[in-house]
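Dear colleague,

I am handing over the structure that we spoke about, and my notes on what was found in it follow below. Please read them with the structure open beside you.

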Number of protein chains: 4
Amino acid sequence: MNYQSILEEIESEIQPLFNEGKVASYIPALANVNPNQFSMSIQMFDGTSFGIGEVNKKFSIQSISKVFTFTLALNHYGKELYKRVGHEPSGNPFNSLVQLEYENGIPRNPFINAGAIVTADSLVSIYKDSSFKNILNFIKKVSNDETITYDEEIFNSELEHGFRNYALINMIKSFGNIHNNIDDVIKTYFKQCSIMMSPAQLAKSMLFLANHGENPLTNECIITESKAKRINSLMLTCGHYDASGDFAYKVGLPGKSGVGGGIVAIVPKKMAICVYSPRLNTQGNSLIGTKALELFTTKTGLSIF
Amino acid sequence: MNYQSILEEIESEIQPLFNEGKVASYIPALANVNPNQFSMSIQMFDGTSFGIGEVNKKFSIQSISKVFTFTLALNHYGKELYKRVGHEPSGNPFNSLVQLEYENGIPRNPFINAGAIVTADSLVSIYKDSSFKNILNFIKKVSNDETITYDEEIFNSELEHGFRNYALINMIKSFGNIHNNIDDVIKTYFKQCSIMMSPAQLAKSMLFLANHGENPLTNECIITESKAKRINSLMLTCGHYDASGDFAYKVGLPGKSGVGGGIVAIVPKKMAICVYSPRLNTQGNSLIGTKALELFTTKTGLSIF
Amino acid sequence: MNYQSILEEIESEIQPLFNEGKVASYIPALANVNPNQFSMSIQMFDGTSFGIGEVNKKFSIQSISKVFTFTLALNHYGKELYKRVGHEPSGNPFNSLVQLEYENGIPRNPFINAGAIVTADSLVSIYKDSSFKNILNFIKKVSNDETITYDEEIFNSELEHGFRNYALINMIKSFGNIHNNIDDVIKTYFKQCSIMMSPAQLAKSMLFLANHGENPLTNECIITESKAKRINSLMLTCGHYDASGDFAYKVGLPGKSGVGGGIVAIVPKKMAICVYSPRLNTQGNSLIGTKALELFTTKTGLSIF
Amino acid sequence: MNYQSILEEIESEIQPLFNEGKVASYIPALANVNPNQFSMSIQMFDGTSFGIGEVNKKFSIQSISKVFTFTLALNHYGKELYKRVGHEPSGNPFNSLVQLEYENGIPRNPFINAGAIVTADSLVSIYKDSSFKNILNFIKKVSNDETITYDEEIFNSELEHGFRNYALINMIKSFGNIHNNIDDVIKTYFKQCSIMMSPAQLAKSMLFLANHGENPLTNECIITESKAKRINSLMLTCGHYDASGDFAYKVGLPGKSGVGGGIVAIVPKKMAICVYSPRLNTQGNSLIGTKALELFTTKTGLSIF
């Protein structure tokens, strides 16, 4: 299949959507990005890649970071982790507190904020002061790229304006499901959200999940096949908050979005993809990114279904 | 792969679970089945099949019927149907009324009771008095079997004891999302739930979804490829009520369960499966059936992820 | 105090509100009343009365009937009744199903629809086929008026359009908190809502609650002092659905509203009042009636606080 | 009426309850009080008083402080305050976050934690750094007692363990309904909760509410009659969290409880009462205190209904 020409078709077909959706505005550092960007990168197992737009320009990965931290935590804790965070779709917005109150502070899944905060706490229990360093090292390893870092301005912006996340962590703590100091955990969480990566880097970083746990570029085993498949299933059922069903319905690939405007997706045994476009739909996912991926699976027939 | 010996291994490994879970008790007609049954049928595209247990013994398909009625309705209405029923996981029990109240009588998806009732209503709008006949004929067609019928006793039992479903349909009607007479719709719905099929029949009946819309045994096109994939994605994200995420996580196949104890699942481009065992877990899905399918994908590596 | 001139002041001051609010429209029989009516009746213990507007013109009492049925049921069952219906404000709309689902079919209080339906069921358990006759006889007794009856057209309208109430009763039945046949109970409930009374009749009918259980006009003991006070407290905390706090805050009297546009209120040891005006606020209470009672307690200082 | 002998009767009748209920345990400083205390103080308008138990022994007033801060804020802001905090019963536990999420960060009433925190914020907007000093001065004024202060240990305990309250304030802040620095507001709130007063002091401090806004001992006007009545109505409908209806039903007086074990109540135009006993019922109100007040109104007939 000629992926490059498919990317070009997609770029042309998404043009009419450039006046829809809104850039994330809850922190100033995100509100100021150029809303009309679009880039998409495909990374194959053999190292070849395809791209459209500025595939090497970095953006704030935000919730895409939850895939990395959950991988790390699942690798370390295995099934023990399920006692503290579930793997069910929540049926609620990404930052909802409602279910936490009804369900004793156990978040539904690791891809809503509450679940990612518990995951971060579980990593702080292991890595203490060097938690963020270990997270970053893991991302460097899976993306085979030592240059990745986080954005200090975005991090500070989250610290200053992340009231909803402070509400979540305090709520969970009140149920005893945060084991470490709140400040340590929330800083780790905000830093992971502030990591900057390009579409090309992110596509590469997801290859191990497309390849049943082994990075096909380095032949390094990152996680077992069984766990890799489970992370993929979780991306499918919970990767897009309260639009996860819609994403599975229209795109048909495991994927994870971030409010920064990025979406990663994987085609099992074939490739990893990252699309970036910062205008968001009402559920907080990249509007044009979602459409681009829908066009991609329609044109290629690569849905997992 | 030697599927027959895999089925035998599974049967042996699920034995310790025969004292867990409870048979559905909300209607007497279901409460009286022998709880210790287990059977499993695999149907390949070339007509070969594998089975363990009494694969030709019929049971009440219950919510598995929702796959057939949604297929019929989607075929007829296309995207119009989405205005009346969504395709998101609900994050709530199968018979919950809570979201209906907050979301103006639009059910989250067609596989919870509320959504299946709206789907039935949409079919009554088309087929009027012969709605159930058309549903049954469709099932006969996709399973290539003229002998399928429903159980009068179970139907009457639902009519007499189905208070929660009456509550749902009246609630939806109060929001204007039921267009026909309540009695006509609920009878159609209860009849479809009372249909009796065997694991072998059900496995066959799902082949068209495994084969992108075309029945591989008859080469008949049942639904477009795109719609078939969407139905599969819906089975994955919403097929097991409030345990859909867990099923996707552990089994990794699109599937649909019924409180009668059956679960159907498909492996895209390969096969369709049906497992039957009437003891249910707390979410209302076959406890042993779920475990059997988890063992199946673990042993075969046939998860879609 | 010159109550007659106070009523005249009130009538003059509420005039600007005659373009606000909306007549109940969920059944055609109510939607067709003249929206611009206003009448108010005060009934003293010694038999004297004051009135403004058409105080002898009958209207549909709707939920005001819940005061009578709860009195009857409390008289018969005493504390046993609390096992089936609570006495807490619900914090939810009058016809909400949400709490029923979370609280096992036990309605929060007898003045929301769910609670009144359980109350009606408790009366059907006592009076069987003559339940409505007994309710009507009780109202005739407390109002000392044999002419009271119900409106067949409104009753039929409720039967035909009362989907939300059918949803409620089926929901409660599914939890086992309806002991009789659904049709018998719902017809009793719809009939009590369809009773027609005038402001003068309703004011008289509430005197026993203002007088600690004894009708001051006939010296008949209707209910014990302790129970009368409890019914009054319930009118204060729960009498106006999700605007009960606001009514207590602004009016400061125990009262009960109906979507027909009536509100009754009592001043303990002094008088009973009924106001009628069919335009409703967003919580389903008479908009002008609420304002008139607020003006009344402001002018007279007769708030219980 | 011989109030002293009534108090003695009550003390005798509540003895069997001394093994029920549990002392508040969410902060260590409260968990360590002797659970078997009981004292009750009645304060008349003419300065006479009645008491049983250690009526001069101080305890942590906790949520009773909300009456004072709401009085101060209502006095300053009038109706403007209603835009930021309502006056409806919540139908939810005292520390629930659920309604905040559904209702845009506007708490239902000033007597649940969320509402009291918004009230504290409104006072910080006025008094800045001297907010707590002004609150304390107001309490000294209404109780005519210069010795009142707060407990540093309890305050620090709240600061350290009050995760749920931190969750609430951050949640409200995320909706823009906290105008000041979170730390400043929460410290003010925790300090007001840590104030220590005796039953005798608290009973005196409530006299102005029993007397339509004027302190009968000093003839000082604290608040207008209209506002005093509204505060009383709010105590009746919302003073005991999710047991407010039950308290109104059984006791029939405006009152406010605190998890420290105190309850204040007023009899309009007659007296103010304070009862103290630290064992709490499941809704967080003094179990024996509630029973004592129920016995009091039963014996005296002083319910407002």
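**Notes on the model**

In chain D, D:Ser25 lies in the loop between β1 (22-23) and α2 (28-31), where helices (H or I, at least four residues) and strands (E, at least two) are DSSP runs, numbered from the N terminus. D:Ser25 is exposed, with a relative accessible area of 60%; here buried means under 20% relative accessible area, exposed over 50%, and partly exposed in between, with a 1.4 Å probe and protein chains only. The C-alpha atoms of D:Ser25 and D:Val259 are separated by 9.5 Å, although the two residues are 234 residues apart along the chain.

Before going further, please keep in mind that this is a predicted model, in which local features need pLDDT of at least 70 and side-chain atom pairs count only at pLDDT 80 or more, while totals for chains, interfaces and linings use all residues. Residues are numbered from 1 along each chain as its sequence is written, chains are lettered from A and ligands numbered from 1 in the order in which they are written, and side-chain values use heavy atoms, with hydrogens and water left out.

**Strands and sheets**

Strand β2 (residues 39-44) of chain D has 6 of its 6 residues buried, so this strand is largely enclosed by the rest of the structure. In a regular strand the side chains alternate between the two faces of the sheet. In β2(D), the residues D:Ser39, D:Ser41 and D:Gln43 point one way, whereas D:Met40, D:Ile42 and D:Met44 point the other way, and all are buried.

β2(D) is joined to strand β11 (residues 271-276) of chain D by 6 bridges, and these strands run antiparallel; two strands are taken to pair if DSSP finds at least two bridges between them. The bridge partner of D:Met40 in β11(D) is D:Val275. β2(D) also pairs in the antiparallel sense with strand β3 (residues 49-52) of chain D, over 4 bridges, and there D:Ser41 stands opposite D:Gly51. β2(D) and β3(D) form a hairpin with 4 residues between them, and D:Gly47 in the turn has a positive phi of about 100°.

Chain D also holds an open sheet of 3 strands in the order β4-β6-β5, with antiparallel pairing. Its β4 (59-60) and β5 (149-150) stand at the edges with a single partner strand each, so one side of each is left without a neighbour in the sheet. β5(D) pairs with strand β6 (residues 195-197) of chain D in the antiparallel sense over 2 bridges, and the partner of D:Thr149 in β6(D) is D:Met196.

In chain A, 5 strands form an open sheet in the order β3-β2-β11-β10-β9, again with antiparallel pairing. The edge strands of that sheet are β3 (49-52) and β9 (255-257) of chain A, each of which pairs on one side only. Within the sheet, strand β10 (residues 262-267) and strand β11 (residues 271-276) of chain A pair in the antiparallel sense over 6 bridges, with A:Ala272 in β11(A) as the bridge partner of A:Ile266.

**Helices**

Helix α5 (residues 113-127) of chain D has 15 residues, which should span 21 Å at 1.5 Å a residue, and its end C-alpha atoms are 21 Å apart, which agrees; the expected span is 1.5 Å times one less than the number of residues. Because 12 of its 15 residues are buried, α5(D) is largely enclosed by the rest of the structure. The buried residues of α5(D) pack against α3 (65-77), α4 (98-102), α6 (131-143), α8 (163-174) and α9 (182-193) of chain D, contact meaning heavy atoms within 4.5 Å. Just after α5(D), D:Lys128 takes a positive phi of about 50°.

**A buried glutamine and one interface**

C:Gln43 lies in strand β2 (residues 39-44) of chain C and counts as buried at 3% relative accessibility. Leaving aside neighbours within four places in sequence, C:Gln43 is in contact with several residues, including C:Thr48, C:Ala203, C:Leu217 and C:Met271.

Between chains, 33 residues of chain B are in contact with 33 residues of chain A.

With best regards
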